[in-house]
2 protein chains.
Amino acid sequence: MQVFSYEQLYRFTKSVFIAIGCNEADAVLATEVLLSADLRGIDSHGVARLSGYVRLWQAKRINAKPNIAVIHETPSTAVIDGDAGLGLVVAPFAMQVAIDKAKQVGTGWVSVQNSNHFGIAGYHAMMALKEDMIGISMTNASALVAPTFSIEKMLGTNPIAVAIPAGNQPPFVADFATTTAANGKLEILQRKNAEAPIGWVQDENGNSSTDANILKKKGALLPLGTDREHGSHKGYALGSIVDIFSAILSGASYGPWAPPFPAYIPMPENMPGKGLGHFFGAMRIDAFRPANDFKAHMDQWIERFSNSTPAEGHDKVLIPGDPEREMELIRKKEGIPIIDSVVEDLKNTGAIFDITGL
Amino acid sequence: MQVFSYEQLYRFTKSVFIAIGCNEADAVLATEVLLSADLRGIDSHGVARLSGYVRLWQAKRINAKPNIAVIHETPSTAVIDGDAGLGLVVAPFAMQVAIDKAKQVGTGWVSVQNSNHFGIAGYHAMMALKEDMIGISMTNASALVAPTFSIEKMLGTNPIAVAIPAGNQPPFVADFATTTAANGKLEILQRKNAEAPIGWVQDENGNSSTDANILKKKGALLPLGTDREHGSHKGYALGSIVDIFSAILSGASYGPWAPPFPAYIPMPENMPGKGLGHFFGAMRIDAFRPANDFKAHMDQWIERFSNSTPAEGHDKVLIPGDPEREMELIRKKEGIPIIDSVVEDLKNTGAIFDITGL
């Protein structure tokens, strides 16, 4: 484990994005989006993925100079073609279109085709906050999840993020995979050689398993809810909604045809659409009520929930976004710890382009 | 258990709504919405609740002659005051406003204050299907659910419904409480004197419990996910988003202040808003892509997921909406079975107004 300052990681990461051909603005944006994950403590979606993006670029699945374009629109909607660009760049572009439409007609809804992995969903949703809007962000992803009663990997971990502004209180920011556990949590267990809790994964026959490596043995992640008795059909429905909004509304590839993130996995055959899909929404608060009235009630909501009686062994009840915001304060001050294998991987990635500095 | 035809229940239920003062059109609509739950097999939300609505009317919490009005709007949004009307009538009005806005600008989003229980969320979302739109419906509800790490009941079971049209395949219709199990499932166990599975409820100290009556003993329902290790913070976030979209965007009462459905429970003190809140969305498919292209891909999505390899002991993988649609076909033909205690309760409700016919 080594600790790096945000600035050091920023310089390194930006240099890599410049090296693959991004222009200055795109490299800055991609770096900011990627590192927002590290700052917020979602280590699986930060610099740890940089080499993965580079390998996708090497495999010509990522276009570093995309011509991102609106290909269809109405006053409150748009479909965007990401031109195989970095999702880290395509997604903020699309979210800005949603925000601009919300300024005009109250809300904006944008579905994106032909994109790639977009980092953490929360970054894009949070873009709406400074505009006094509610932000919504979701994406489909490589198929790792079996629907309820199935043994096939059909859906990605398909996250949903919703960011809601408050007044004196910090904003409400939910950002979660629609599975019991995100794949990143499984990867942490793999590195530790530890077992997974019952309910996170199943084996090739659909039986519950504690093997953190079971996905490599025809196993699958389980939808939020874990099993039918505990509502896995709800997690399956949520993941499906994300898939349909992100990929069928836009014309991207869906379900088991979603392009895989690891570049060594061949692209699925007979893909029905183009690339990965995302979906974004922006709702102007004052399209519903005066923003100050809304924020006063959000403050009261947050205070009441924070102060609800905690169960034994817990100091307080958390509001979605609390842990990530607290982590960001710590890491901005104390730096970002990165495990040795990721540091090694980053150095190797830098070496491809003669980039040092880690 | 007795079996009634849809027509018999329809005549009885409509007579009761007329008797409390609904006009003809509202009585027809309220009956259709209420009985759609019985047809679809969601028995907890159908005629079994009729006496509850009547008791709310007797307690002057439901206004049978509401003046439902749009109190704020933009091209893609509206806020509606339900004037304390039956949610069964207010909700379809609001969903129609969302649909009309979608016709104009691509999407429509409507938040509702001052309403009451609206039946099944799915009915309202499904109104969008015949317009080639995606329908979204949600509502807050009486507080029965403890947030992760809390022992206080702060949220309702706050359901979400999403209805998505397909082409040759039946539509995708998800309709689920954001808890591990809906309260109706707990009520079924109570009547059978059976235990609840671990993970549905907790006791007054926040420990897991199998007591189906634990809610009467300061226990609480658990968010989808059951515990922190299995993602209950995600179910808590989902229930919170429903609460905020339905009640804070509209100016209704939220969280623990949501008005309780049972008329014998006093209204919470210092309610911050008016009545119960709902939230509806309608997205025109062709505001994103040509509807036929979308539907062809939805058909392929549904076929691929239906035919994904089932786990041992399961014939096929279900698409959200499959079980309810199959139940509706059966019950339209064979009638609707109602347990004796509910039949008795309905007869007593009819007797208040000299209505017979069951």
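In which sense, parallel or antiparallel, do strand β3 (residues 77-81) of chain B and β4(B) pair, and over how many bridges? They pair in the parallel sense, over 5 bridges. This is a predicted model.

Strand β4 of chain B spans residues 107-115. On its other pairing, β4(B) runs antiparallel to strand β11 (residues 276-284) of chain B, with 7 bridges. The two pairings of β4(B) are set out below.

| Partner of β4(B) | Sense | Bridges |
|---|---|---|
| β3(B), residues 77-81 | parallel | 5 bridges |
| β11(B), residues 276-284 | antiparallel | 7 bridges |

B:Val112 is the bridge partner of B:Ile80, and B:His278 in β11(B) is the bridge partner of B:Val112.

Together with helix α4 (residues 87-105) of chain B, the two strands make a right-handed β-α-β unit.

How many of the 9 residues of β4(B) are buried? The count is 9 of the 9, so the strand is largely enclosed by the rest of the structure. A residue counts as buried here if 20 or more other C-beta atoms lie within 10 Å of its own.

Chain B also touches chain A. The contact takes 66 residues from chain B and 66 residues from chain A. Among the elements of chain B that give two or more residues to its side are β3, β4, α7 (232-248) and α8 (291-306). The largest share of that side, 7 residues, comes from α8(B). By class, the side of chain B that touches chain A has 35 nonpolar, 25 polar and 6 charged residues.

Technical notes
Residues numbered from 1 in each chain as written. Chains lettered and ligands numbered in written order. Predicted model: local features only at pLDDT ≥ 70, side-chain atom pairs only at ≥ 80, totals over all residues. Buried ≥ 20, exposed ≤ 12 C-beta atoms within 10 Å, placed from the backbone. Helix = DSSP H or I, 4+ residues; strand = E, 2+ residues; numbered from the N terminus. Pairing = 2+ DSSP bridges. Right-handed = clockwise from strand over helix to strand, strands pointing away. Contact = placed C-beta atoms within 7 Å. Nonpolar A, V, L, I, M, F, W, Y, C, P; charged D, E, K, R; others polar.
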